[in-house]
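Here's a quick tour of a protein model for anyone new to reading structures. Have a look at it first, then read on.

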Amino acid sequence: CSSDLYRGQTLARTVRGMMYNEAAIRIQSWWEMGKSLKERHEALCSCSSCEEVNVIVRQKFSYVLAAQVYGEQRKKGDSKANEIDLLLQWHPELRVAFIDEVDGRE
């Protein structure tokens, strides 16, 4: 993760702090499976143990960020939308709720 984004961004720091809860649930789930921390795998591992932990984490944790203007920012190519996209890449369990306007609705 880039420390530049975190340095001046309250949103990024808040998300990072909340995502520590996800990491704690992931570690706890690993322990509950009877595994030691030395046996933990990389974040993108797709072995059966890691998939089981991912399912447990998704059941116990979700973080929804409300960024009402995110859709508008994406359409305009605003750098703030790019920063939120970066947060979504870094934290796969993060979700963004936003208002999106659709043209042509009657």
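The notes below go through a helix, a pair of strands and an aromatic pair. Keep in mind that this is a predicted model.

**Helix H3**
- H3 covers residues 48-60, so to speak a run of 13 residues, and its first and last C-alpha atoms are 19 Å apart, close to the 18 Å expected at 1.5 Å a residue.
- Tucked away in H3 you'll find the buried residues Ser-49, Cys-50, Val-53, Asn-54, Ile-56 and Val-57.
- These residues sit on the same side of H3, because they cover an arc of only 165° around the axis.
- What covers the buried residues of H3? Helix H2 (10-32) is included in the cover.

**Strands E1 and E2**
- Strand E1 (residues 63-66) has two faces: Tyr-63 and Leu-65 are on the covered one, while Val-64 and Ala-66 are on the uncovered one.
- E1 runs parallel to strand E2 (residues 94-97), and four bridges join the two.
- Leu-65, from the covered face of E1, stands opposite Val-96 in E2.

**The aromatic pair**
- The structure has one aromatic pair, and its members are Tyr-70 and Phe-98.
- Tyr-70 belongs to helix H4 (residues 70-76) and Phe-98 to the segment after E2, so the pair ties together parts that are 28 residues apart in sequence.
- Buried or exposed? Tyr-70 counts as buried, at 3% relative accessibility.
- Phe-98 is partly exposed, with a relative accessible area of 33%.

Key
Residues are numbered from 1 along each chain as its sequence is written. This is a predicted model: local features need pLDDT of at least 70, side-chain atom pairs count only at pLDDT 80 or more; totals for chains, interfaces and linings use all residues. Side-chain values use heavy atoms; hydrogens and water are left out. Buried means under 20% relative accessible area, exposed over 50%, partly exposed in between (1.4 Å probe, protein chains only). Two strands pair if DSSP finds at least two bridges between them. The expected span of a helix is 1.5 Å times one less than its number of residues. The arc is that of the directions from the helix axis to the C-beta atoms. Contact means heavy atoms within 4.5 Å. Rings of Phe, Tyr and Trp (its six-membered ring) pair if their centres lie within 6.5 Å; planes under 30 degrees apart count as stacked, over 60 as edge-to-face and the rest as tilted.
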